[in-house]
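Please read it with the sequence and the structure side by side.

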Amino acid sequence: MLTLYGALLSPFVRKVRIVLAEKKVEYELVPQSPFEKSAEFLKKSPLGRIPALDDEQGRSLADSSIIAEYLEERFPEPALLPRDPYERARVRWFDEYADGGMAPTLTGKIFFQRVVNTSLMKNKPDEAALADGIQELARFFTYLEDEIDGNDYLVGNTFSLADISVGCQLINLRHAHISIDAAEHPTLRRWFDRVTSRPSIAALIEQDQGFLGHQT
Ligand SMILES: N[C@@H](CCC(=O)N[C@@H](CS)C(=O)NCC(=O)O)C(=O)O
């Protein structure tokens, strides 16, 4: 069986878990904190980040995007990357937009300050970082609203890794009590509600909420 190392609440771990659930691949989730980096974990994930994955032979891979593409190649159905080369590249673009563009703001600033630093670690939030993050949100929302352009999904009007990666960042934002305003960004809000009501995603949100409910 595959072994995934990671923690609830991480958008990157969630991304891989959704891919596994969509493809109905069984796996064992081994808890791994992003703050504790044992020598053993660093062998699996040399940058010390979650997630990491071991295959059935104990061979490791790190990074959610690398793992997602590996899973796509090993378990092609249902496809989460389109066949068309341009659309495949667009999915990879949205994965990068989510992880490289949105994550530093939505997860790094807003979620980290409100949820990790304040609710879980009981520290005072860095109000400047939080305010910065909140102020940066509009440009992401406006871009995504335009890109969805009345479709059901981000690329090729089919559910793909693009929806998973972008959705995972917005789920962390919602955990930080910020939702997409339906009046200001109606298309993005409809898309988010559609994506988060998929069973593979709704189940993980429920797990996160259960965990947060116990902690706060
Ligand atoms: N590009 C990586 C990012 C993973 C990442 O940053 N994970 C965070 C937790 S949400 C982490 O492990 N942070 C610890 C660190 O950077 O030292 C991926 O997609 O897997």
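A polar contact is taken here as a pair of N or O atoms within 3.5 Å. With that cut-off in mind, in this predicted model an oxygen atom of the ligand lies 2.7 Å from an N or O atom in the side chain of K37.

**Ligand surroundings**
- The ligand has around it residues S10, P11, F12, P34, K37, R49, I50, P51, D63, S64 and D99.
- A polar backbone atom of I50 is 2.9 Å from an oxygen atom of the ligand, while an N or O atom in the side chain of D63 is 3.0 Å from a nitrogen atom of the ligand.
- The protein buries 73% of the 520 Å² that the ligand exposes when taken alone.

**Sheet**
- Four strands form an open sheet in the order β2-β1-β3-β4, and the pairing is mixed.
- At the edges are β2 (27-31) and β4 (60-62), each of which pairs on one side only, and the twist from one strand to the next averages 20 degrees.
- Strand β1 (residues 2-6) runs parallel to β2 and is joined to β2 by five bridges; the bridge partner of L4 is L29 in β2.

**Helices on the sheet**
- Helix α1 (residues 11-22) packs on the sheet, where it touches β1 and β2, and the direction of α1 makes about 155 degrees with that of β1.
- Helix α3 (residues 64-74) also packs on the sheet, touching β1, β3 (52-54) and β4, and the direction of α3 makes about 125 degrees with that of β4.

Methods. Residues are numbered from 1 along each chain as its sequence is written. This is a predicted model: local features need pLDDT of at least 70, side-chain atom pairs count only at pLDDT 80 or more; totals for chains, interfaces and linings use all residues. Side-chain values use heavy atoms; hydrogens and water are left out. Two strands pair if DSSP finds at least two bridges between them. Helices (H or I, at least four residues) and strands (E, at least two) are DSSP runs, numbered from the N terminus. Axes are lines fitted to C-alpha atoms, for helices over the stretch in contact, and angles run from 0 to 180 degrees between N-to-C directions. Contact means heavy atoms within 4.5 Å. A residue is near a molecule or strand if one of its heavy atoms lies within 4 Å of it. A polar contact is a pair of N or O atoms within 3.5 Å; within protein, one must be able to donate a hydrogen and the other to accept it, and residues adjacent in sequence count only if both atoms are side-chain atoms. Accessible areas come from the Shrake-Rupley method with a 1.4 Å probe; for residues, only the protein chains shown count as cover.
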